[in-house]
Amino acid sequence: MPRQRIHIEGIVQGVGFRPFVFRLAARFGVAGWVRNDSRGVTIEAEAGEAALAAFTAALREEKPPLATITRLECRELPVSGEPGFAILDSRADQAARAQVPADAAVCGDCLAELRNPADRRFRYPFINCTNCGPRLTIITGIPYDRPQTTMAAFAMCPACLAEYRDPASRRFHAQPNACPVCGPRLSLVDGAGRPYPGDPLVQAVRLLREGAVVAIKGLGGYHLAVDAVNAGAVRLLRRRKRRDEKPFAVMAADLAAVEQFAAVSTAEATLIEGVERPIVLLEKLPDFLLAGEVAPGNRYVGVMLPYTPLHHLLLEEDFLALVMTSANLSDEPIAYRDEDARLRLTGIADAFLMHDRPIHTRVDDSVARVRDGRALLLRRSRGYVPRSIPLPGEQVPVLAVGAELKNTVCLTRGDRAFLSQHLGDLKNVETGAAFAAAIAQLCELVETRPVAVAHDLHPDYLATRYALEQERLPAVAVQHHHAHMASCLVENRCEEPAIGVIFDGLGYGADGTLWGGEFLAGDLDGCERVGHFRYLPLPGGDLAALHPWRMALSYLLAACGDELPELDCLAAVPAAELALVRQALARGINAPLASSCGRLFDAVAAIVGLRNTVSFEGQAAMELEMIADPEAVTPYPFGLNMEADGLVFDPRPLVRALVEAVSAGEAAARCAGRFHATLAEMVRQVCLVVRARRGLDVAVLSGGVFQNALLTTLVRERLMRAGFTVLTHSLVPPNDGGIALGQAAVAGRRLRGGVRSPASATA
Ligand code: ZN
Ligand code: ZN
Ligand code: FE
């Protein structure tokens with residue numbers, strides 16, 4: 001009759017793990033107890049040898065749907081002979097290891113109750129249980145218990161308390177447990193905070209039907225909603241939000257509704273129906289039933305399914321879909337506090353559908369697409385955060401502060417990395433404040449104080465400056481593209497040296513120049529630049545990213561000389577402006593050199609006549625992928641020269657061929673397809689050379705350009721046919737949202753020998 005102490009780490013709190021253990025104990029006749037602590041869950045179990053073995057096996061095999069076990073350790077104890085099995089109170093006195101669960105979409109059991117007129121929670125918008133509901137967004141402290149959530153102010157009624165205390169109930173220790181008697185309530189107010197008469201839900205639905213903009217409080221922040229079929233309402237929202245073109249995400253009731261306006265593959269269905277409920281980019285059907293203004297000029301539309309009970313209640317009112325876009329002005333962080341939302345959204349929203357359960361942590365919707373049958377996260381946020389990512393080994397705790405755009409931060413603990421939710425572009429004051437708050441919150445959540453801070457090489461990034469201001473923490477600088485490569489190596493658990501094919505817009509290079517189309521060779525410990533795109537001037541610096549015609553001009557002057565070809569993209573620019581930019585280029589004024597890959601996409605988009613200006617960085621590149629004909633696979637010519645600092649890809653022959661094709665009337669879709677094929681062929685040739693010289697046969701594809709599914713697929717196919725192992729991203733974004741993870745892992749390696757004092761530790 002042995003007795004064992006079992007330690008379990010992972011996501012085991014707030015997911016119904018203890019009642020699950022309790023039920024297993026009853027089934028196998030095990031005596032003892034189970035308890036949450038800040039490492040996870042501890043069990044003492046006493047039973048016959050066979051029963052104990054079956055009990056331990058079942059812990060792993062039958063775990064609750066939202067649980068993840070990352071470590072399970074058993075230790076023999078002296079037998080106590082005490083009968084019975086108990087659930088003990090939580091303890092917070094041990095080394096921190098517990099992992100906070102991510103928010104999860106309402107489960108099937110709760111949905112059934114929501115729709116059952118006989119249930120006491122019939123149509124109750126805050127129904128939840130241990131298998132679903134809010135987590136990260138309501139947690140204010142560790143361990144995860146009701147007093148340390150934003151539900152602390154709600155006292156449970158006797159019926160809820162009975163469920164909460166009943167190990168046989170699905171709501172046993174469900175911290176957000178609530179009902180219409182004791183829990184949060186909906187309200188509907190106007191911009192001045194005056195309540196609307198009548199039922200808030202009914203009135204909100206009426207307003208939406210009439211074409212109004214309604215701000216809706218969700219899990220991690222407010223959405224702005226309009227009826228997605230009503231073109232006038234969508235236009236109104238665009239005008240008020242000052243957002244001309246960036247596509248809006250929509251929410252549809254279920255998969256059947258989605259299939260009425262978008263094509264959904266099996267892999268896409270799995271992704272969109274998952275408990276994480278990301279926004280999934282889906283191809284529009286030719287007969288697009290939603291208003292064209294939802295995603296103008298875009299072959300794709302971002303769609304999500306309802307994830308809170310309130311969403312279900314709204315969507316069941318016969319809306320084909322609702323626009324559900326983050327409630328903010330362009331580029332500001334999403335609004336999540338009630339007062340703040342009302343102030344900031346006055347003039348945008350006609351009404352506010354809110355409730356009295358506070359949101360503690362601001363979390364945006366995640367965004368994903370499917371590539372080669374696999375999920376690819378473009379924004380890793382709600383539903384995924386704060387799940388940890390395994391590192392190749394134990395390392396000292398490092399805080400990594402990320403880059404500038406699509407910023408996230410990362411904190412490590414032991415052999416795990418905790419990548420934060422999407423924090424946005426660190427360009428405005430609001431995001432700057434959110435950034436510091438998110439770091440403090442992450443440290444609290446992970447219960448770890450970093451001993452070093454990792455940052456980008458760019459001296460002007462707000463994140464870099466923040467890192468260097470942390471006087472007590474040694475700072476470790478990690479080159480931008482090495483960080484991209486490292487994030488992909490970590491995600492794929494690859495520890496061998498590899499070729500990094502790292503394509504993005506711009507990142508600060510190890511030599512102080514601007515990089516962006518890079519071939520690296522190395523691993524987490526370090527890397528060498530073995531190839532890059534030819535340097536070309538960016539006319540107007542940052543302006544170049546918003547005016548693809550400027551990039552086109554730069555490439556055309558380089559490729560064709562002063563005799564510029566006649567192209568629509570140049571003809572559309574006022575002659576005086578064109579002359580001015582040419583002059584600046586000729587004199588090298590405000591025209592920094594860069595080996596950018598993203599800017600080449602911009603130039604090509606302008607040359608093929610797609611667009612001359614964009615309203616957000618990367619828009620032209622995205623549209624170039626959208627229009628590309630995947631059947632057009634014949635590459636254009638290009639140059640590849642061995643120079644002192646490695647292989648240099650020379651796009652000038654490509655640009656000349658492209659001009660010829662456009663002048664000869666080749667369709668933009670074909671040009672775009674052939675451009676993608678050209679880059680893929682170039683990558684293959686570079687990798688072959690690097691393999692021949694260094695014997696590396698693993699290739700890593702990372703950087704924002706690899707959000708492009710067509711390019712990724714083409715490159716991957718060509719490299720695999722050439723015998724390479726190709727590593728790509730899936731749950732970590734290839735864009736700058738993944739940078740912090742790479743920084744943290746690289747810094748962890750550099751600090752293996754110990755952490756030195758701040759004065760000497762910069763690398
Ligand atoms: Zn549930
Ligand atoms: Zn209640
Ligand atoms: Fe980048």
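**Figure 1. The loop that holds P386 in the predicted model.** P386 is placed in the loop between β16 (374-379) and β17 (388-390); helices (H or I, at least four residues) and strands (E, at least two) are DSSP runs numbered from the N terminus. The peptide bond leading from V385 to P386 is cis, its omega being near 10°. Most residues other than glycine have a negative phi, and most peptide bonds are trans.

Figure 2. Although D372 is not a glycine, its phi is positive, at about 50°. D372 sits in the loop between β15 (367-371) and β16. With a relative accessibility of 36%, D372 is classed as partly exposed (buried is under 20% relative accessible area, exposed is over 50% and partly exposed lies in between, with a 1.4 Å probe and protein chains only). N590, not a glycine either, has a positive phi of about 45°. N590 belongs to the loop between α17 (575-587) and β27 (593-595).

**Figure 3. Site of the zinc ion (ligand 1).** C107, C110, C129 and C132 each coordinate the zinc ion (ligand 1) through SG, at 2.2 to 2.3 Å. Donors are N, O and S atoms within 2.8 Å of the metal (3.2 Å for Na, K and Ca); water is not among the atoms, so sites may look incomplete. Along the chain, the donors of ligand 1 follow the spacing C-x2-C-x18-C-x2-C. C110 in helix α3 and C132 in the loop between α3 and α4 link distant parts of the chain, 22 residues apart. C110 and C132 are both buried.

**Figure 4. Site of the zinc ion (ligand 2).** The protein donors here are the SG atoms of C157, C160, C179 and C182, which lie 2.2 to 2.3 Å from the zinc ion (ligand 2). Angles among the four donor atoms of ligand 2 run from 104 to 116°, and the site is tetrahedral. The donor residues of ligand 2 are spaced C-x2-C-x18-C-x2-C in sequence. C157 lies in the loop between α3 (108-114) and α4 (158-165), and C182 in the loop between α4 and β6 (186-190), so this pair ties together parts that are 25 residues apart in sequence. C157 and C182 are buried.

**Conventions.** Residues are numbered from 1 along each chain as its sequence is written, while chains are lettered from A and ligands numbered from 1 in the order in which they are written. In this predicted model, local features need pLDDT of at least 70, side-chain atom pairs count only at pLDDT 80 or more, and totals for chains, interfaces and linings use all residues, with side-chain values using heavy atoms and leaving out hydrogens and water.

Methods: Tetrahedral: all angles 85-135°; square planar, octahedral: opposite > 155°, others 65-115°.
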